[in-house]
Amino acid sequence: MDQPDFTDSTAFKLHRATVLLDRIADEYLVAVHRIHYAPFLVLLMARVLGPTTQQAIARNLGVSRASVTQRVGVLQNGGFVAVTKSATDSRANTVVLTPEGTTLVEAAWLGLERHQDGVDFGVDEAVLAAQLDRLIDNALAIINPDAPTPATMPRAASAPTPRPSPRPSPTPTPTRAADSGDAR
């Protein structure tokens, strides 16, 4: 019996690409900005989400709250984030970027984009981005099948436009009135 070639799997390739991109990012961030990728991601989430809880950061990064708490402590000691008790939940802390944190995340992100330039050479970024959005939606639907996501909604609006056939058919196909309506 033939063994499957795991390296042909889309999931394997995505994991491999992620590991490589994370490595490139970590090496650049440490060398140039003196911050590892893991705490940088906390800063990035604080930038993207605005004032937010450690739990929300953990959920968005797919890591434990304890991991984020540890990273936030280091970032707070470095002056990159401010942490206060949540106004809405006495058990939660709110994380906010300081001006130094904002400067760091913006400079590091721009530098990282330049440093990684070429990684996507030959890749149709628009197509890749759309496909990654689809994969993310599909993964979220598997994680929480009861939550409505674009992956579980009707696809009529997002269906690709059919490509024209390379040659016109020699004779037009007749249509009946009943075939022209929506058959749902």
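**Exercise 1. Decide whether G73 is buried, partly exposed or exposed in this predicted model.**

*Solution.* Start with the number: G73 has a relative accessible area of 25%. Next, recall the cut-offs: buried means under 20%, exposed means over 50%, and partly exposed lies in between. G73 is therefore partly exposed. To place this residue on the structure, look in helix α4, which covers residues 65-77.

**Exercise 2. Describe the overall build of the protein.**

*Solution.* Begin by counting elements: there are 6 helices and 3 strands. Then follow the chain, and you will read the pattern α-α-β-α-α-β-β-α-α. Now turn to burial: of the 184 residues, 23% are buried. The accessible surface comes to about 14000 Å², and carbon and sulfur atoms account for 58% of that surface. Finally, take the contacts between residues at least 6 apart in sequence: 44% of them join residues at least 24 apart.

**Exercise 3. Work out how the buried residues of helix α5 are arranged around its axis.**

*Solution.* First, get to know the helix. Helix α5 runs over residues 99-115, so it has 17 residues, and at 1.5 Å a residue its expected span is 24 Å. The span from first C-alpha to last is 24 Å, close to that expectation. Second, list the buried residues of α5: G101, L104, V105, A108, G111 and L112. Seen down the axis, these buried residues fall within an arc of 145°, so they line one face of the helix. Third, look at the other side of α5, where P99, T103, L110 and R114 are exposed. Last, ask what the buried residues pack against: their partners are α1 (10-33), α2 (37-49) and β3 (93-97).

**Exercise 4. Find the salt bridges and say where their partners lie.**

*Solution.* A search of the whole structure gives 3 salt bridges. Let us take them one by one.

- R23 pairs with E27, with the closest N and O atoms 3.2 Å apart. Both residues sit in helix α1, 4 residues apart, or about one turn of the helix. R23 is exposed at 53% relative accessibility, while E27 is partly exposed at 47%.
- R47 and E106 meet through their side chains at 2.9 Å, N to O. R47 belongs to helix α2 and E106 to helix α5, so this pair ties together parts that are 59 residues apart in sequence. R47 is partly exposed at 42%, and E106 is partly exposed at 35%.
- D89 pairs with R91, with 3.3 Å between the closest N and O atoms. D89 is partly exposed at 24%, whereas R91 is exposed at 75%.

**Exercise 5. Identify the nonpolar patch on the surface and the helix that gives its largest share.**

*Solution.* The patch is formed by L14, V123, L128, L132, L135, I136, L140 and I143, and together they have about 660 Å² of accessible area. The largest share, 6 residues, comes from helix α6 (residues 125-143). Take L135 as an example: this residue is in helix α6, and at 36% relative accessibility it counts as partly exposed.

Conventions
Residues numbered from 1 in each chain as written. Predicted model: local features only at pLDDT ≥ 70, side-chain atom pairs only at ≥ 80, totals over all residues. Heavy atoms only, no water. Patch = residues over 30% accessible without salt bridge, like charges linked within 9 Å, V, L, I, M, F, W, Y side chains within 5 Å. Areas by Shrake-Rupley, 256 points an atom, 1.4 Å probe, with all protein chains shown as cover. Salt bridge = Lys/Arg side-chain N within 4 Å of Asp/Glu carboxyl O. Helix = DSSP H or I, 4+ residues; strand = E, 2+ residues; numbered from the N terminus. Buried < 20%, exposed > 50% of the residue type's maximum accessible area, 1.4 Å probe, protein only. Contact = heavy atoms within 4.5 Å. Arc of directions from axis to C-beta.
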